[in-house]
Amino acid sequence: MSEFIDFFVGKYNYWAFILLMMIGLYAMIAKKNLAKKIIGMNIFQTAIILFYISTAAKGGGASIPIIAHGHGHGLSEHGARAADYINPLPHVLMLTAIVVSVATLGVALTLAVKVYHQYGTLEEDEIADRIRAQTGGEP
Amino acid sequence: MKLVALASALLCGTILLFGTAEFPDFGDPDSPAASHVSPRYIEEAMAETSAPNIVTAVLADYRGFDTLFETAVVFSAAMACFFLLRIFGEDERRPSEKLYRHLPTGITLRIDPGGKVPDSPEFERIDGIWIPHDVIVKTTTRLIIPFIQLFGLYVIAHGHHSPGGGFQGGVILGASVILYAISQNLRQALGRMGEAVSAVFCAAGVFIYAGAGALCLLMGANFLDYSGLAPLFGVDAIQARSLGILVVEIGVGLAVMSAMVWIYYNLASMGRHQEGL
Amino acid sequence: MESIVSLKPLAAVLVSILVVPLIIRSGNRPNLREGWTFAAAGIKFLIVASMVPAVLGGAKLELTIAQVLPGAAIAFRVDAFGLLFALVSSSLWIVTSAYSIGYMRGLDEHSQTRYFCFFALSLSATIGAAFSANLLTLYLFYEMLSFATYPLVTHHQDMEARSSGRKYLFYIVGSSIGLALPAMVYIYTVSGTLDFAAQGVMPASVPPAVLTALVLMLLFGFAKAGVMPFHSWLPAAMVAPTPVSALLHAVAVVKVGAFCVFRVLTGVMGADLLTGAGLGTLVCYIAAFTIIVSSLIALSQDGLKRRLAFSTIGQLSYIVLGAALLTPDGLTGGMLHIAMHAFGKITLFFCAGAIFVATGVKNISDMTGIGKRMPITMTAFFIGSLSVIGLPPCGGFISKWFLVMGTLEARQYAMLVVILTSSLLNAAYFLPIVYRAFFCTEEESKFDNRMGEAPLWCLVPLKLTAFISIILFLYPKPFLDLARLAVVQILGGP
Amino acid sequence: MSPHLPALPVVVPLLSALLITILGWSNRRLPFPIALVALTAGLLSALGLMKDVLARGVIGYNMGGWDPPWGIAYRVDHLNALVLVVVMAAALIGLIATRDRVKAEFEDRIVPFYTLFVLFVTGLSGILLTGDAFNLYVLLEIASLTGYALIGLGEGRAPLAGLNYILMGTIGASFYLLGVGYLYLMTGTLNMVDLAARLPGLYDSHVVALAFFICLTGLFVKMAFFPVHVWLPNAYSNASSAAGILIAPLTTKVMIYVMIRITLTVFTPDYAFDVLDIGDAVVWLSVIAIVMGSVFALAQNRLKRILSYIVVAEVGYMVGGFWLGNRAGITGSILHIVNDAAMTLCVFLAAGALLTRVPGDRLIHLQGLFRKMPVSMAALVVGGLSIIGAPPTCGFFSKWYLISGGIDAGHYGFVAALLFSSLVNVALFFRVFEIAYYEPFGADHGHDPRAHGASGREDAPAAMLAPLVVVAVLLVALGLYSGDLVSAIIQHAIPARII
């Protein structure tokens with residue numbers, strides 16, 4: 001039992017991201033409303049961002065990756081130690097991923113607006129009904 | 001459908017959980033991620049790029065190429081919104097009546113489609129959802145906006161030393177314009193920062209970034225190798241990197257700000273740039 | 001045996017492709033258009049004929065177009081057998097072109113420009129197949145021929161043409177992609193080459209079961225050979241205009257199929273390998289079955305062209321049989337039969353077409369007494385029949401003679417019986433037509449006594465081919481020499 | 001050649017896309033020439049790269065002057081140089097051919113259209129050249145986002161199709177990102193070569209296997225591999241014909257390249273084919289993909305939908321061929337990337353040309369088009385024959401290698417699926433040809449066409465026909481030169497240990 005608790009406690013960050021991801025995936029597949037699907041998509045992306053960020057953490061008092069007293073001309077007299085700062089790379093990567101997810105969200109919302117314009121609804125089954133009414137069932 | 005969704009989500013989750021057993025623990029300082037590539041950034045970034053904020057150094061220099069395309073993603077998203085949504089001219093499905101407000105008296109005229117439009121400067125065209133009295137909101141935002149913008153500039157400029165940089169600063173700047181648009185109205189915001197300005201600024205921001213990289217090429221260095229710009233700045237190679245980072249951060253800030261504003265314009269008014277939020 | 005690099009094979013193939021744009025350009029000036037066709041046909045025949053001396057001298061003319069796969073290029077190699085086939089097809093193109101003019105104009109058919117274009121393309125494909133140096137090139141031209149003839153088969157563009165066209169494609173393309181292609185790739189995988197070589201290219205390590213499967217896949221895969229049960233496209237394709245049926249379905253298309261089977265059995269598999277595995281006999285029996293059954297079906301057909309079609313199916317299997325006998329005389333007989341049957345059968349088709357142009361009659365039962373109205377046509381028909389049956393004084397006798405010798409040589413006495421039986425059946429379905437045409441009472445005759453032959457453009461070609469059929473009996477030397485040489489080349493003699 | 005050549009195929013289009021917006025905003029005549037110059041330069045630099053690679057082997061290029069694995073490095077070898085040339089050429093031809101269509105379909109949106117399209121090409125060429133797994137994700141998103149936008153603006157159901165494309169595409173890209181994250185977690189690096197160097201010690205780790213599966217799943221979504229193909233048919237068939245022509249030949253092919261790259265370079269063939277030993281399973285999946293793609297195509301009654309489902313089946317060809325894991329199969333797969341790009345371009349371009357003169361792409365609209373638009377139909381025939389796999393068009397040769405790979409691997413199910421799909425393609429295309437060949441003459445057989453008016457010929461504008469004819473000729477040329485292509489380039493793109 002204690003092993004299990006160790007396992008769980010030691011890796012709770014991964015549990016959290018997996019849970020978020022499942023929520024996002026569920027929303028994308030199960031929800032009929034396109035806006036909710038888009039929200040699910042965003043949750044899904046956020047879960048992955050959480051995963052990356054959590055890998056950057058370092059125990060033992062590591063600080064944010066900004067070198068203290070780093071002002072002035074930068075030669076290596078400051079001598080930063082890797083263990084003192086958390087891993088900057090995942091943060092960099094996720095800055096990019098956040099921007100990408102925002103951009104995707106923007107385009108997705110744009111298309112949702114267009115769909116709403118066209119069919120007057122964002123419910124998938126109602127849209128399907130309208131399409132059937134318009135085209136007489138042909139694809 | 002719900003069952004299928006639940007099943008696939010659970011399946012996906014279980015498979016992923018199964019993998020976590022071999023993961024390094026949370027915060028493990030000896031994990032491969034913490035010990036292979038990243039130590040060099042922490043230990044050398046200051047010496048190599050003269051930027052104490054390691055995230056900025058990695059973002060804009062070591063992995064500056066990623067960031068260039070990150071900016072391009074923002075630009076393409078804004079362009080995509082414009083491409084998909086923008087409706088030019090009058091919306092044919094709703095031939096709109098036009099509303100004009102006589103400024104001195106506050107009287108609103110409704111001009112039916114095809115009617116004569118008053119062309120005196122005393123008349124201002126307004127939207128149907130125009131709300132006359134929102135003095136508190138308008139005044140407060142007018143007071144706040146300059147400070148927001150100042151802070152945005154600070155965040156861009158201070159990205160070397162503190163959390164911040166082009167993206168963050170750009171978003172803050174963009175937010176200030178969006179706040180203006182929300183508190184006043186879309187028409188006025190467009191008057192301050194028109195669509196063409198947003199579009200060209202957005203492209204120009206990315207162009208500054210990519211152009212800086214291309215300039216390095218012209219100077220004989222690799223793409224985005226700012227040390228090649230040293231002769232232009234008149235400083236040594238490491239300082240040149242630091243300055244190069246600043247230049248691209250400015251470009252990013254410009255692009256992100258304009259992109260935010262531009263996306264807002266199109267989304268808020270469904271591409272008609274009138275009757276919007 | 002020397003090899004000469006020569007552009008002639010390519011030129012022979014290209015000449016009828018290059019003429020297509022000219023035909024299209026002069027589409028609204030029929031005389032000029034047909035002039036181009038004749039020019040191309042003449043040039044093609046001359047090019048082909050000019051290769052005869054070199055080939056008879058034992059040389060092979062070669063040209064590699066593109067090395068598309070390691071060990072398998074798109075390449076031409078003119079050997080005696082290919083040249084024999086090319087000689088037959090290119091000479092008959094000239095005749096058929098003349099006949100086409102008479103037929104198409106006589107019936108005022110639509111889309112004649114398209115017709116002549118695809119005709120030219122089909123001829124390119126046929127010559128290309130004849131000169132192929134390997135199975136890959138052969139397959140290329142085989143497929144090209146399939147697609148180029150589709151618009152010809154469906155020329156009438158009515159419902160019947162459409163369904164026949166579908167059937168045609170289904171059988172021809174379906175079998176070539178579904179059976180021949182995988183077999184080819186398999187052969188390539190195990191042997192690393194697809195070249196035709198004396199005694200084949202198959203390594204001895206291939207297990208007999210696989211070998212049997214390959215032979216059957218290729219035999220049926222080249223469905224243009226019309227071996228049963230892959231034959232029923234042929235009668236269906238008779239909806240095409242008669243010159244198409246004549247050239248393509250009695251000469252070019254079906255002979256390409258038989259040619260492919262011949263090449264596969266002799267050039268890819270190899271005579272010794274097949275004999276060793278007993279596969280020659282297997283193919284013999286399949287061919288024999290086709291010969292007998294198709295002759296029996298032909299007996300019951302009333303449509304003249306359909307009867308000819310079933311006759312063709314049987315005659316094609318003679319060629320396959322000849323190849324499968326795997327003895328020198330059998331092979332010679334098979335090859336000669338390509339030529340002899342071509343001249344005989346094309347005469348018959350020309351006659352069928354001429355009858356249709358002149359009288360509009362398609363069924364044999366309506367032809368009673370037609371001999372008095374169209375004596376020249378029916379005389380030619382008689383000569384053609386004799387050639388196909390294999391009686392002197394016609395060329396067909398010679399090829400059949402060699403086939404019979406081949407069966408004896410191979411000790412396949414059952415096949416001897418088959419050939420003889422089939423000859424009787426041939427006679428039984430052809431001669432009554434001639435008999436009815438000439439010998440009937442006034443009351444029975446469905447035509448009055450006025451002479452009424454088809455237009456001259458139709459008449460001259462069929463006289464010519466009938467005449468050649470007789471000449472070939474008296475003077476078979478060019479073809480016989482080529483065939484004998486080809487047998488030597490195939491069996492890998494000195 | 002300049003040492004900076006590897007940067008150019010990405011940098012030049014990127015800068016040009018921005019210039020299109022900056023300069024084109026006030027002058028609507030500029031976008032097309034700028035795009036033309038950009039893609040021409042892109043193609044030339046791609047050809048230059050190809051030449052360099054042939055002469056010198058693998059070329060590396062460090063962005064920002066930082067050595068890998070700290071910086072982002074480009075790595076050009078035979079494989080991506082080849083695909084880059086294909087992508088650039090297809091994009092350039094598409095650009096020229098669609099000029100009039102774009103003018104007609106997007107008259108107010110010329111600037112964003114060309115900006116997005118050039119960015120799309122930028123993203124693709126970046127994907128092809130990059131040697132960094134995360135950089136690939138960013139570029140993937142560039143290409144996807146612009147693709148969503150270009151496809152989303154069409155008629156009818158285009159926005160809905162675009163939205164579904166976004167949802168699925170994002171799942172795919174996110175899965176890829178997650179897989180890269182797992183790799184990063186286990187190795188601490190993102191550079192492909194460095195990953196490959198550090199992975200062998202971890203081959204028995206479940207996480208690495210999981211990372212591989214996650215990446216692969218994500219890429220399957222992106223390349224529209226059955227059964228996660230559902231976004232593709234709607235997206236491609238509803239897109240405007242210009243967008244369809246420009247996008248359809250490229251996206252799936254580049255995704256297949258990514259799969260090959262990840263499998264061969266990052267995970268190495270030892271791991272993918274021997275340690276994991278999933279080749280057989282994936283090939284069976286692709287058998288299903290091929291068969292289902294073909295069957296679905298049969299059920300369609302619109303030309304562009306037929307073509308879209310054929311694309312789905314063709315994806316199965318390439319995935320299956322690659323996962324056969326032998327030289328012939330992988331050769332076939334890579335060759336098919338080249339050929340399928342050309343074939344898809346040809347048929348979509350032909351469909352686009354037809355759509356300039358007929359009201360819609362339902363099969364019934366195609367009646368009598370052989371007479372009306374002979375050149376466009378002839379090109380469609382060539383494209384169709386190539387997709388069927390008739391020699392000497394290029395489709396035959398890649399199919400040849402694929403079948404031969406299937407026989408080598410003893411995977412007869414795959415061989416059967418390929419043949420089945422060829423036969424279905426015969427049925428599909430000849431149904432189209434038949435309709436285009438017969439209809440108006442069906443009723444009055446033997447009728448003299450001159451009565452219909454010989455001047456009924458009304459083909460697409462020459463500006464569209466010329467590129468179309470070029471592509472059709474290219475299909476045959478590619479076929480004839482496929483031997484050289486394989487021996488000079490593709491053989492070097494496959495690791496030597498694969499036999």
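## Chain C: contacts and overall form

In chain C, 82% of the contacts with a separation of 6 or more are between residues 24 or more positions apart. Here, two residues are in contact if their C-beta atoms, placed from the backbone, lie within 7 Å. Keep in mind that this is a predicted model: local features need pLDDT of at least 70, side-chain atom pairs count only at pLDDT 80 or more, and totals for chains, interfaces and linings use all residues. Residues are numbered from 1 along each chain as its sequence is written, while chains are lettered from A and ligands numbered from 1 in the order in which they are written.

How does the radius of gyration of chain C compare with that of a compact globule? A compact globule of 494 residues would have a value near 23 Å, and the 21 Å of chain C agrees with this. (The radius is taken over C-alpha atoms, and the globule rule is 2.2 Å times the number of residues to the power 0.38.) Along the principal axes, the C-alpha atoms of chain C fill a box of roughly 70 × 55 × 45 Å.

Chain C has 20 helices and 3 strands. Both are DSSP runs, numbered from the N terminus: helices (H or I) have at least four residues and strands (E) at least two.

An open sheet of 3 strands in chain C runs in the order E1-E2-E3, with mixed pairing. Strands E1 (3-5) and E3 (72-78) of chain C are its edges, each pairing on one side only. Two strands pair if DSSP finds at least two bridges between them; E1(C) and E2(C), residues 60-69, are parallel over 3 bridges. Within this sheet, C:Val5 has C:Glu62 in E2(C) as its bridge partner.

## The buried interior

Which share of chain C is buried? Of its 494 residues, 64% count as buried, meaning that 20 or more other C-beta atoms lie within 10 Å of a residue's own, with C-beta atoms placed from the backbone.

A nonpolar core is a set of buried Ala, Val, Leu, Ile, Met, Phe, Trp, Tyr and Cys residues joined through C-beta atoms within 7 Å. The largest one has 554 residues, and C:Leu84, C:Val320 and D:Cys346 touch the most other members. Helix H7 (residues 158-187) of chain D gives the largest share of this core, 20 residues. Leaving aside neighbours within four places in sequence, the contacts of C:Val320 include C:Ala225, C:Val261 and C:Ala287.

## Where chains A and B meet

This contact takes 54 residues from chain B and 51 residues from chain A. On the chain B side, H1(B) contributes the largest share, 12 residues.

Conventions:
A residue is buried if 20 or more other C-beta atoms lie within 10 Å of its own, exposed if 12 or fewer, and partly exposed in between; C-beta atoms are placed from the backbone.
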